[in-house]
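Biologist: I'm new to this one. Can you put it up and walk me through it?

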Amino acid sequence: MMTQRTMFQGKLTREKDLFIPFIVAGDPHPDKTVQYALRLQEEGADVLELGVPYSDPLADGPVIQKAAKRALDAGMSLKKAVEMVPTLRKAGVSIPVVIFTYYNPVLQYGHDKFIEALEQNGVEGLLIPDLPLEESEDLNERTKQKNIELISLVAPTSEARIKRIAEQARGFLYCVSSLGVTGERKEIAPETLAFIEKVKEYSSVPVAVGFGISSYDQVELMKKHADGYIIGSKIVKMIEASVETEKNTDEKRGLEQFSEELRKLVHG
């Protein structure tokens with residue numbers, strides 16, 4: 001029996017070499033988020049991770065924390081981030097949008113109301129980094145009913161756990177690969193490669209790796225071993241630099257600079 005294609009799958013144009021950028025909703029203000037999202041799509045983004053700014057971001061480094069503060073100062077919230085999706089669509093963003101949020105704001109919002117908001121605003125995916133598989137059953141069921149992908153994260157833990165997470169993954173599988181210090185890296189440690197291979201063995205959805213990818217060499221490396229690559233901090237940093245350029249010259253130059261740097265990062 002053919003299972004119904006999800007909205008996410010319907011908008012995904014390929015399942016290999018996926019470029020999945022992460023940006024913070026409302027950084028430095030909502031209008032700019034739309035412009036950066038369009039630039040990312042122009043340079044080949046396949047999925048957009050729209051991060052909801054959070055005042056206590058456990059898993060984020062200083063770059064994303066600063067971006068979250070800028071967005072919070074501009075009045076961004078979980079509700080507003082979700083409601084931003086139709087604005088992105090209107091502006092021409094056609095790739096799947098995944099809302100990336102910590103669990104506490106979802107809990108405060110209420111599961112029912114939150115899923116309803118995702119559905120009403122045409123969100124295709126949801127990613128909650130601090131919600132373990134064992135506690136995700138309720139949201140998993142509710143998102144399934146509404147045709148929204150709940151994206152799973154998998155880290156180098158026990159094989160049994162990798163298998164369990166990978167087998168029930170939806171949309172794409174976010175592989176959190178800890179490679180020590182980020183930066184220029186011409187090769188991947190054998191144990192990391194073994195981890196990626198193991199995940200791919202069990203997963204029926206594309207496996208995308210995120211670990212602080214910050215150069216074209218790393219992008220090329222990921223393409224060889226995974227189905228996709230996730231870039232967060234580096235892109236958020238480029239947005240910060242673009243904002244600075246705008247202050248010193250003009251908006252047009254800031255966006256051009258962002259596109260130029262993005263091209264170098266993704267296409268070499």
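Biologist: How do helix 7 and helix 8 pack, at what angle and how far apart?
Modeller: In this predicted model, helix 7 (residues 111-120) and helix 8 (residues 137-145) pack at about 35°, with their axes 10 Å apart. Axes are lines fitted to C-alpha atoms, for helices over the stretch in contact, and angles run from 0 to 180 degrees between N-to-C directions. Helices are DSSP runs of H or I with at least four residues, strands are runs of E with at least two, and both are numbered from the N terminus.

Biologist: Which residues make that contact?
Modeller: H111, D112 and I115 come from helix 7, and D138, L139, R142 and T143 from helix 8. Contact means heavy atoms within 4.5 Å.

Biologist: What about numbering and cut-offs?
Modeller: Residues are numbered from 1 along each chain as its sequence is written, and side-chain values use heavy atoms, with hydrogens and water left out. Local features need pLDDT of at least 70 and side-chain atom pairs count only at pLDDT 80 or more, while totals for chains, interfaces and linings use all residues.

Biologist: What is the mean pLDDT of the chain?
Modeller: The mean is 91, and 93% of the residues reach 70 or more. pLDDT is the predictor's confidence in each residue, from 0 to 100.

Biologist: Where does pLDDT stay under 50?
Modeller: Over residues 180-184. The model has eight contacts beyond four places in sequence for that stretch. Where pLDDT is low, the predicted coordinates should not be read in detail.

Biologist: New topic. Which residues of helix 11 are buried?
Modeller: In helix 11 (residues 216-225) they are Q218, V219, L221, M222 and H225. Buried means under 20% relative accessible area, exposed means over 50%, and partly exposed is in between (1.4 Å probe, protein chains only).

Biologist: Why are they on the same side of helix 11?
Modeller: Because they cover an arc of only 160° around the axis. The arc is that of the directions from the helix axis to the C-beta atoms.

Biologist: What covers them?
Modeller: The cover includes helix 10 (190-202), strand 7 (207-210), strand 8 (228-231) and helix 13 (251-267).

Biologist: Helix 13, then. Is S259 buried or exposed?
Modeller: S259 lies in helix 13 and is buried, at 3% relative accessible area. Leaving aside neighbours within four places in sequence, S259 is in contact with R39 and E43.

Biologist: Where is P30 found?
Modeller: In helix 2 (residues 30-42). P30 is partly exposed, at 32% relative accessibility. Beyond its neighbours within four places in sequence, P30 is in contact with M76 and M84.

Biologist: Last one. What does A81 touch?
Modeller: A25, L50, V52, M76 and I99, not counting residues up to four places away in sequence. A81 lies in helix 4 (residues 78-83) and is buried, with a relative accessible area of 0%.
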